[in-house]
Amino acid sequence: GIRFDVKEYIVQVSTIQAQGLSPNLAGDMTWLMCAAVSKNFVYEDVEKSSTTALIAGLCCAIIMSVLVTLSVILVTRPIRVLQHDMMKIGNFEWNFLKKSYDKHSIFTELSNLQGGFSKLLKAVRSFSLFVPTSLVAKVVRANKIAEIGMVRKRVTILFCDIESFTSISEQLEDSVLLMMLSDFLTIMSGIIDQYGGTVDKYIGDCIMAFWNAPDPVDQHPDAACVCALKCLHALEELNFIWSLSASGIPEIKMRIGIHTGHARVGNLGSHTRLSYTAIGDNVNLASRLEGLNKRYMSRILVSHDTVLETVNGDLLFQPLEHVAVKGRHGFTLVYELLGFSSELEEIRRDMALVFTQAFDQYTVGEPLRALGFLDEYDRLHGELSPGIVDINAQRLRAQCQELVENGVPENWQPGTVMDEK
């Protein structure tokens with residue numbers, strides 16, 4: 001190649017032997033034949049074809065990279081979401097799931113995986129409605145199959161039900177009764193859960209719950225008592241809501257019994273069906289206390305064992321009677337939980353103090369002193385609720401008068417044996 005006048009040429013040189021080409025030229029001669037062609041003329045089409053091929057190749061590579069990236073995103077992103085949601089399900093954090101799983105991936109395998117996960121999610125959610133969530137979480141964390149077994153543990157047990165539920169149910173249509181029960185159980189169960197309790201079971205309109213199992217609860221007697229008061233307040237709101245509707249639901253009242261003691265807690269049942277529950281004498285006592293509210297016309301009855309373990313000074317208790325409930329030996333001192341002291345009128349707090357003084361004097365065998373305190377109690381009660389009889393004060397007065405008339409027996413211990421639930 002040579003360059004001439006800024007252009008490049010391709011040159012081909014050949015030699016030619018010339019003999020006798022012309023009479024004027026003597027002898028043999030060697031000729032050089034030179035052919036020159038512009039380089040642009042030769043390579044122009046080749047360069048154009050190479051450039052086109054290069055551009056086409058780059059475009060194909062870019063398109064393939066984009067398609068591969070999109071494919072990776074479409075596959076890996078749903079898998080990461082699945083991984084995230086699996087971790088949340090393991091912690092029972094339903095509200096933090098990233099996907100509803102109503103729609104599945106366009107990839108068959110991934111779609112099947114999402115469909116299976118959706119079924120698993122619904123199954124675990126449904127399972128948690130039948131069994132306490134904390135228990136389900138504990139089983140999942142243990143990574144083993146639940147089995148029959150119970151442990152002895154100190155718990156606080158609560159029973160509550162609707163007063164005169166049988167007669168109320170006869171007045172209402174089935175749909176209205178179902179709505180009323182659903183509202184009642186939903187609200188009360190939510191409050192129990194809020195204060196760390198475990199709803200054991202529903203027995204018609206009755207709720208059985210306990211504290212300090214399966215997970216420990218600090219100051220569980222206080223938690224149960226506060227929960228009971230909050231339940232009463234919530235029932236007042238429910239009654240107000242029902243009164244605004246045309247459902248015909250009458251004003252309902254509830255009774256609550258609370259007791260603290262040791263019980264067997266764990267999985268009870270058969271090899272094909274288990275129930276997480278608490279059993280034992282102390283569970284029965286809590287149930288009996290709930291029923292005893294009828295005797296005292298009270299709303300919340302609490303055992304002496306529970307009162308002894310409470311540390312919340314704002315809870316106001318009033319002793320009522322030593323009783324031996326049906327089916328149980330030994331007497332239990334029963335208290336009425338009146339409410340939060342800070343929310344009660346001063347005169348009501350004074351009445352509770354005076355009644356407690358009267359009860360204490362009766363308990364130690366000093367009926368005359370007890371009657372003196374009862375006179376003061378009646379005066380205060382007359383100011384607060386004129387014309388209304390306090391049956392508990394009447395009962396205690398009658399018990400004191402009996403001791404005055406017959407004398408206090410030697411080694412006397414106060415107590416009433418109940419012959420019905």
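In α5 I found Val176, Leu177, Met180, Leu181, Phe184, Leu185, Met188, Ser189, Ile191 and Ile192 buried. An α-helix has 3.6 residues a turn, so residues three or four places apart point the same way. Helices (H or I, at least four residues) and strands (E, at least two) are DSSP runs here, numbered from the N terminus.

I noted that this is a predicted model, in which local features need pLDDT of at least 70 and side-chain atom pairs count only at pLDDT 80 or more, while totals for chains, interfaces and linings use all residues. Residues are numbered from 1 along each chain as its sequence is written, and side-chain values use heavy atoms, with hydrogens and water left out.

Next I asked what covers the buried residues of α5. The cover includes β4 (149–162), α4 (165–171), β5 (198–203), β6, α6 (220–244) and β7 (254–269), where contact means heavy atoms within 4.5 Å.

I then turned to the aromatic pairs, of which the structure holds 4. Rings of Phe, Tyr and Trp (its six-membered ring) pair if their centres lie within 6.5 Å, and planes under 30 degrees apart count as stacked, over 60 as edge-to-face and the rest as tilted. One of the pairs is Phe210 with Tyr276, tilted, at 6.2 Å centre to centre and 45 degrees between the planes. Phe210 lies in strand β6 (residues 206–211) and Tyr276 in strand β8 (residues 274–279), so this pair ties together parts 66 residues apart in sequence. Phe210 is buried at a relative accessible area of 0%, and Tyr276 counts as buried at 12%.

Last, I looked at strand β11 (residues 332–340), where 9 of its 9 residues are buried. Two strands pair if DSSP finds at least two bridges between them. Strand β9 (residues 300–303) pairs with β11 in the antiparallel sense over 3 bridges, and Ser303 has Val334 of β11 as its bridge partner. Strand β10 (residues 315–324) also runs antiparallel to β11, joined by 8 bridges, with Gln318 opposite Glu336 in β11.

Key:
Buried means under 20% relative accessible area, exposed over 50%, partly exposed in between (1.4 Å probe, protein chains only).
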